[in-house]
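Dear colleague,

Please find the structure below, followed by a short account of what was found in it.

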Amino acid sequence: MSAPAGAGQPGDEHLKLFVLAGEPSGDRIAADLVARLQQRVPLAFIGVGGHELEALGLRSLFPMRDLAVMGVTDVLLRLPLLLWRLEQTARAIKAAKPDIVILVDSQDFSRLLAKRLKRLGYQGKLILYVAPSVWARAPQRAAKLKPLFEEVLAVLPFEPAVMQRLDGPPTCYVGHPALAERLTRDVAERGPLVLLPGSRDGELRRHLPLFRQVAEQIGSHSVLDGVVIPTLPGLHERLTREVADWPVPVRIVSDRAARADIYRQAALALAVSGTVTLELALAQVPVVVTYVLDPHQARIYDNHGRPPISLPNLILGRRAVPELVQNEPDAGAMLAAVQTLLDNKKARQDQIVAFGELSALMESGEADFPRQDPAERVLAHWHQRALSAS
């Protein structure tokens, strides 16, 4: 594969890349980056990822699901495997000697891997894609990342300024792949209830029983026309089994291309907090955001004053969407939040207006930190490495 005219690369060599994504949202972000790079330069890449990276030619070092954990309980249950994967990944990078290592989200694993690579004497560039939420949980951690990463590529427009203020690594805003799937729509007079219960084992375990109760109680609402769960291909069979005995019919959709049609028709979504809430906002789908915490997460969240957690609210700097963060599972509270939004057409319209504001901000970035192309940032580091080696 040859590079497009004007792309430029050091000599005639391939860019050798190691990319790691530990969960579906990271897989999507990483695949977008790899596709952009493939359009610009000859690229050879290895690493860890899911079906989106594999569609671009990756043979994953091990199943991505091994890293998809959330909360102390899930981590402790899988700790021996995680430690082995950490060592396996570090050895693979040491052996391959890539020019650049891109670690996408999976913050704890990425930080530990970066430390291990530094100890092993890895001489290439280390880039963290998706900034850690140090502004919410641990501001002091920003400076500790500075020796580990040449740059952080942030997907939220306010994060570069925050990382600069906290003396973190150089950070730029690069947008999010969901920007390519933005929709413009009005409030649906009638449409499906979209349920998004998460993708990690712990999230599905904690949320699916509650979502079942909500669907059972609210399914006959006059605004609703069915229940649908968009999911990943790897979860299609599991979710089909999970909903088989639900008292209301549920459609499981794992085709990514079909998701836009679902969002276009949706009356409302009930979503576990995560990247999907940003997708919903950019598709202008009114949403109730929820999350059931494990005990350790609950203690941390309470100690931090129970701050906003959903990406739309964080980006806009106000509570544009209702959030229901639960220390103990409470299907009744979820049902009440969904019922309230379904009964209030103006509230749903107000969300859509706010999502238009969010879309404009995501498109441009902030004045001092405008949106940049993630592939160009990676290539800048490649060129710099080539110059320093010459």
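How many of the 15 residues of α1 are buried? Of these residues, 12 are buried (under 20% relative accessible area, with exposed over 50% and partly exposed in between; 1.4 Å probe, protein chains only), so α1 is largely enclosed by the rest of the structure. Among the buried residues are Asp27, Arg28, Ile29 and Leu33. Helices (H or I, at least four residues) and strands (E, at least two) are DSSP runs, numbered from the N terminus.

This is a predicted model, in which local features need pLDDT of at least 70 and side-chain atom pairs count only at pLDDT 80 or more, while totals for chains, interfaces and linings use all residues. Residues are numbered from 1 along each chain as its sequence is written, and side-chain values use heavy atoms, with hydrogens and water left out.

Two loop residues also deserve mention. Asp105 is not a glycine, yet has a positive phi of about 55°; this residue lies in the loop between β3 (100-104) and α5 and is buried, with a relative accessible area of 18%. Arg306, likewise a residue other than glycine, has a positive phi near 50°. Its place is the loop between α12 (295-303) and α13 (311-316), where Arg306 is partly exposed at a relative accessible area of 31%. Most residues other than glycine have a negative phi.
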